[in-house]
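Please open the model in your viewer and keep the selection tool at hand. The stops below say what to select next and what is there.

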Amino acid sequence: MNRIETEFAGRKLIVETGRLAKQASGSCYMQFGETVVIAAVTVSPKESTLPFFPLTVEYREKTYAAGKIPGGFLKREGRPSDKEILAARGIDRSIRPLFPEGFKNEIQVFVTVVSADQENDADILGVTAASIALTRSIAPWNGPIAGVRVGKVEGNWVLNPTFQQLEFSTIDLTVCGSADSIMMVEGGSLEVSEAEILDALKVAQKGIKDLLGATEKAIKGKFEKLEWTKPEAPAALVKKVKAAAEKAIATAINGKEKATRYAQVKKVKSDVAKALAEDFPDDKATIGNLLEELEYVALRGQILDKGERVDGRDLDTVRPIEITPGFLPRTHGSALFQRGETQALVVATLGTQDDEQRIDSIDVAGETTKSFMLHYNFPPYCTGEVKPMRGTSRREIGHGALAERALQPLLPAFDQFPYTLRIVSEILESNGSSSMATVCGGSLALMDAGVPMKAACAGVAMGLVKEGKKIAILTDILGAEDHLGDMDFKVAGTKDGITSIQMDIKIEGLDLKIMAEALEKAKKGRLHILAEMQKALATHRADLSPYAPRIFTIQINQSKIGDVIGPKGKTIRGIQDATGAKISIEDSGIVTIAAVGGEAGQKAREMVMALVAEPVVGMIYEGPVKSTTAFGAFVEIMPGVEGLLHISELQHGRVEKTEDVVKKGDIVKVKLLEVDERGRMKLSRKALIPKE
């Protein structure tokens, strides 16, 4: 067993190897504060027949880690939550580029959260623990790497901020990389500048270097590795394929439309494969790989040598944009956003507090709620494909979270605009950057719904082609440029700053100089898109959709909450049934009334106000006589509030008997004369009758 105990970012850090999960190919126990993860890696000794590298990453949070029992009927952990899926994607995106090209043995990486101190997030621990487990496994892998989170609280950079510190942070950035380069970036911010993002990356880079130094002992030594070399195609076959297809593919990859380009390239590949099948009958798969390689080289060479992209654009031009706000007639807000051949139909829905999402997490004590949700859907038809539908994919959850993070900081405060908001993005066409189209469409849909956003938000995806010292940064990348390029760098924000960022790369890390240039070009692209959005919808609608609920809030005395609710909820249900409005009451005395249509909401408001109103001396009230006595009558001037109408205040002149003037059930007008120190009210009917 190997154990390291040290301090990192002001908290205890423990790493153990060789003690747990010893039958796995590699494993690691990592503790930060009192949050603990266990990473285990298994590697298949045989090469997979699948046409891709079958790497699976699972990140699971056990509820026992926080001393909780799962909710529901089964009382055990089920499908992974969105947070678990996002953490698994972050680990996957960080480690995948470091496997050798062509390696196809199946690998599974499991990261399990077994202790949660509700201060330190386990997701970044998972990256470092997985790296240590992989380095110690038989897998050929060019690590190690580490992951850190960077925040900025009151102007000070904080490495691995706690959950509590993140509530006051202007930046929440997760960065993974090696000692001298960055592999993955994911995070959000409150409209910060490109320079501030770069400063955050510098802080992260130093933190990663320090963390790798602190855990170095865990990966010292020689570890047995799989004997694997990339298979080489026969030289004669390589020469034949190149002669038959190189020029044809270089021509076929060009075309303004995706379908045309794909069809042209597919035909060249098919024709060459058929022509060579007779001479090389056992090399069908190798021929396919060589043709893929030729397409890869042709697209990248054209960009690096000529500065030309396959759809005819230069490196910095954004594709043509078309926007139709208010596209759907009966939704609360909608927008159709098209950029090139990527099309998103985005819809905003306004709901009440009852529509909030309830979340049970190991990160906090008790249950939390979420009043803003963005859901991204990527059906197979958007790429012209036929695929089985197996529920929401990890990609859909990841892209939705990225777009949600971009828009969240721009929403009005809940106490000023007390609506639950849901955005749904339906990707109808996709040829690159559909998540950024979702950001643009989401911003427009919210404004179309009348949501008073702080500012409009747009996003753009940047790409990279790098061969040695030759570098080309691409603005608004196509699907092919994402697939055959080296980077997918998404940046979203307003004219004043960045709100969301995500970077994935396929090469072994980037330096900050390249990232700085990419951020600057992304800003220019974002400002261009924002200008196009401004032409379509300059600001939010002045009024909400007539189909959206109207929400009123009233602050009542906490002692009156029971009066509004009534015995077993009878009173509040009665108001809801009478008006059609939804009413909710918080312990603080805030009453929220929601109704489609202002009249219903106003009527419900008046009924609630009548229940909680306090009597005012000098005011005139009308109410029923509840009972009579020899000395007067008791009149209900407000629901549940009675005062004494003394016999001497019934009318001018002497009254022998109360019932001679008023009887039980009569509706009378009275004036409130006085409220004594015990709360007893003195009423007068006489004060309202002119004296003859």
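Select arginine 96: with a relative accessible area of 32%, arginine 96 is partly exposed (buried means under 20% relative accessible area, exposed over 50%, partly exposed in between, using a 1.4 Å probe and protein chains only). The model is a predicted one, in which local features need pLDDT of at least 70, side-chain atom pairs count only at pLDDT 80 or more, and totals for chains, interfaces and linings use all residues. Residues are numbered from 1 along each chain as its sequence is written, and side-chain values use heavy atoms, with hydrogens and water left out.

Side chains of opposite charge can pair when their charged atoms come close. Aspartate 92 is buried, at a relative accessible area of 17%.

**Serine 94**

Select serine 94, which is found in helix H1, residues 82-95 (helices, H or I of at least four residues, and strands, E of at least two, are DSSP runs numbered from the N terminus). Is serine 94 buried or exposed? Its relative accessible area is 0%, so serine 94 is buried. Show the backbone oxygen of glycine 90: a polar atom of the serine 94 side chain lies 2.7 Å away from that oxygen. Leaving out residues up to four places away in sequence, serine 94 touches Val127, Ile145, Cys176, Met183 and Met184 (contact means heavy atoms within 4.5 Å).

Select arginine 149 and aspartate 121 for one of them: the closest N and O atoms are 3.9 Å apart. Arginine 149 lies in strand S7 (residues 146-153) and aspartate 121 in the loop between strand S6 (105-115) and helix H2 (123-136), so the pair ties together parts that are 28 residues apart in sequence. Arginine 149 counts as buried at 6% relative accessibility, and aspartate 121 is buried at 12%.

Next, select glutamate 194 and arginine 526. Their side chains meet in a salt bridge, with 3.4 Å from N to O. Glutamate 194 lies in helix H4 (residues 194-214) and arginine 526 in helix H11 (residues 512-536), so the pair ties together parts that are 332 residues apart in sequence. At 9% relative accessibility, glutamate 194 counts as buried. Not counting residues up to four places away in sequence, glutamate 194 touches Ile498, Leu519, Lys523 and Arg526.

**The six-stranded sheet**

Switch to a cartoon view. Here an open sheet of six strands runs in the order S1-S2-S3-S4-S6-S5, with mixed pairing (two strands pair if DSSP finds at least two bridges between them). Which strands stand at the edges? They are S1 (2-8) and S5 (55-61), each with a single partner strand, so one side of each is left without a neighbour in the sheet. On average, neighbouring strands of this sheet are turned by 15° against each other, direction ignored. Select S4 (residues 35-47) together with S6: the two pair in the antiparallel sense over nine bridges. Glutamate 47 has asparagine 105 in S6 as its bridge partner. Helix H2 packs on the sheet, touching S2 (11-17), S3 (26-32), S4, S5 and S6, and its direction makes about 150° with that of S3 (axes are lines fitted to C-alpha atoms, for helices over the stretch in contact, and angles run from 0 to 180 degrees between N-to-C directions).

**Aromatic rings**

The count of aromatic pairs comes to nine (rings of Phe, Tyr and Trp, the last by its six-membered ring, pair if their centres lie within 6.5 Å; planes under 30 degrees apart count as stacked, over 60 as edge-to-face and the rest as tilted). Select phenylalanine 8 and phenylalanine 32: the ring centres are 6.4 Å apart and the planes at 55°, so the pair is tilted. Both residues, phenylalanine 8 and phenylalanine 32, are buried.

Last, select phenylalanine 103 and tryptophan 228, an edge-to-face pair with 5.5 Å centre to centre and 85° between the planes. Phenylalanine 103 counts as buried at 2% relative accessibility, whereas tryptophan 228 is partly exposed at 22%.

How values were computed:
Polar contact = N/O pair within 3.5 Å; in protein donor to acceptor, adjacent residues only side chain to side chain. Salt bridge = Lys/Arg side-chain N within 4 Å of Asp/Glu carboxyl O.
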